[in-house]
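Please find below a short note on the structure under review. The comments are set out as numbered points.

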Amino acid sequence: MHPIDKYITQIPDFPKEGILFRDVTSVTESPEGMKMAVDSMADLIKDLDYDAIIGLEARGFLFGAPIAYNENKSFVLVRKKGKLPRETIEEEFQLEYGSDSMEIHKDSLKPGMKVVIVDDLLATGGTSAAAIKLVERLGAEVVSVLFLVELKGLEGRKALEGYRVDSVVQYEGK
């Protein structure tokens, strides 16, 4: 296991029985855990040429913004519908029960920019796949989709097939 594992709290039977919830807020509550998470994520993409970090609402902001700051890259928000003030484009995606949508400012990315999409956790991959579509609709290129935690049992990499996927720690279950 990665040393960050000791900062991730495991909560059995949340949000429902049979689920082992991996809580990353305990990582951000620890100065050592936060530094380790940001540094470990940045280390996974140190070989890449990119212009911007895309942070996915909301926990992608926690890790994406400090990586962008440390690497002197721009930081672009992808948020739930209705949360961004300028003109946006929208992408709908399916959830287990229903659908949701994400938006990005239409002028946040320029054609040809290379980006890294950052979120806290890879589960089914639906949110990240929607973000990829938004980025590509603006003419930018996704060079990595980066996570702190990956739940391998939910097979999120399948939804991101054809893209580089990086994660600091992987858990076999769901």
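The points below go from the sheet as a whole to one of its residues.

1. The model is a predicted one. In it, seven strands make up an open sheet of mixed pairing, ordered β5-β6-β4-β3-β7-β8-β9. β5 (88-95) and β9 (165-171) are the edge strands, each with pairing on one side only. On average, and with direction ignored, neighbouring strands of the sheet are turned by 20° against each other.

2. Helix α3, residues 59-71, packs on this sheet and touches β3 (52-56), β4 (74-80), β7 (114-122) and β8. The direction of α3 makes about 170° with that of β4.

3. At one end of the strand order, β8 (residues 141-151) pairs with β9 in the parallel sense, over six bridges. Along this pairing, V145 stands opposite V165 in β9, and E150 has Q170 of β9 as its bridge partner. Although β9 is an edge strand, β9 is mostly covered, with six of its seven residues buried.

4. The surroundings of E150 deserve a separate comment. The side chains of E150 and R157 are joined by a polar contact of 2.8 Å. With neighbours within four places in sequence left aside, E150 is in contact with L122, R157, S167, V169, Q170 and Y171. Q170, in this list, is also the bridge partner of E150 in β9.

Technical notes. Residues numbered from 1 in each chain as written. Predicted model: local features only at pLDDT ≥ 70, side-chain atom pairs only at ≥ 80, totals over all residues. Heavy atoms only, no water. Pairing = 2+ DSSP bridges. Helix = DSSP H or I, 4+ residues; strand = E, 2+ residues; numbered from the N terminus. Axes fitted to C-alpha atoms, helices over the stretch in contact; angles between N-to-C directions. Contact = heavy atoms within 4.5 Å. Buried < 20%, exposed > 50% of the residue type's maximum accessible area, 1.4 Å probe, protein only. Polar contact = N/O pair within 3.5 Å; in protein donor to acceptor, adjacent residues only side chain to side chain.
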